[in-house]
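Take the sequence and the model side by side. Start with the whole chain, then move to single residues.

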Amino acid sequence: MDVDARLRDLGLELPTPMGPGGNYLPAMAAGDLVFLSGMGPVRPDGTLVTGKVGDGGLDLETAREAARLTALQLLAALRAELGDLGRVRQVVKLFGMVNCRPGFNRTPAVIDGCSDLFVDVLGDAGRGARSAVGMAELPFDIAVEIEAVVRITA
């Protein structure tokens, strides 16, 4: 699959990957797996989507869009690591964290914003195992943080 062509067909452009917020690497290849560090939602203007989801905070659609923006960051970091997204064979696992208020339990619906974009871009290879959990706090008050494990060709 020509992932770059698919991105163009969808009218998507990958952003410049956001640098790490600490002493770690955005991506680390180990054999045929690439481990992507947790990333957050960066708008095209470079600002972060911040705030808590639920009950007077961010609504579900805003949170889903934040997860979608995070998916673009993950793909950008993956491209920076691999040079070519055509090497992606399978998204193995996503771990999605949602900065939410007590009582918000629709975290899977939020992280669907990331999963849906991965499937749109990568087809069936974009669908893998996944966890979606609520957190009391996330770094820099970002709305979502998502990490991934991806299987690649050598």
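What follows goes from overall fold to local detail.

This is a predicted model, in which local features need pLDDT of at least 70, side-chain atom pairs count only at pLDDT 80 or more, and totals for chains, interfaces and linings use all residues. Residues are numbered from 1 along each chain as its sequence is written, and side-chain values use heavy atoms, with hydrogens and water left out.

The protein has 3 helices and 5 strands. Read from the N terminus, the order is α-β-β-α-β-α-β-β. The radius of gyration is 15 Å, close to the 15 Å that the globule rule gives for 154 residues, so the protein is as compact as a globular protein of that length. Helices (H or I, at least four residues) and strands (E, at least two) are DSSP runs, numbered from the N terminus. The radius is taken over C-alpha atoms, and the rule is 2.2 Å times the number of residues to the power 0.38.

Along the principal axes, the C-alpha atoms fill a box of roughly 45 × 35 × 30 Å. Of the 154 residues, 42% count as buried (under 20% relative accessible area, with a 1.4 Å probe and protein chains only).

Now consider contacts, meaning heavy atoms within 4.5 Å. Among those between residues at least 6 apart in sequence, 83% join residues at least 24 apart.

Helix α2 covers residues 60-82. At 1.5 Å a residue, its 23 residues should span 33 Å, and its end C-alpha atoms are 33 Å apart, which agrees. The expected span is 1.5 Å times one less than the number of residues. Gly 83 follows α2, and its phi is positive, near 85°.

Helix α3 covers residues 107-122, and Thr 107 lies in it. Is Thr 107 buried or exposed? Thr 107 is buried, with a relative accessible area of 7%. Leaving out residues up to four places away in sequence, Thr 107 touches Val 98, Ala 132, Val 133 and Gly 134.

Ser 115 is also placed in helix α3. Its relative accessibility is 14%, so Ser 115 counts as buried. With residues up to four places away again not counted, Ser 115 touches Leu 94 and Arg 130. Ala 29 is 86 residues from Ser 115 along the chain, and their C-alpha atoms are separated by 21 Å.

Note on methods. Buried means under 20% relative accessible area, exposed over 50%, partly exposed in between (1.4 Å probe, protein chains only).
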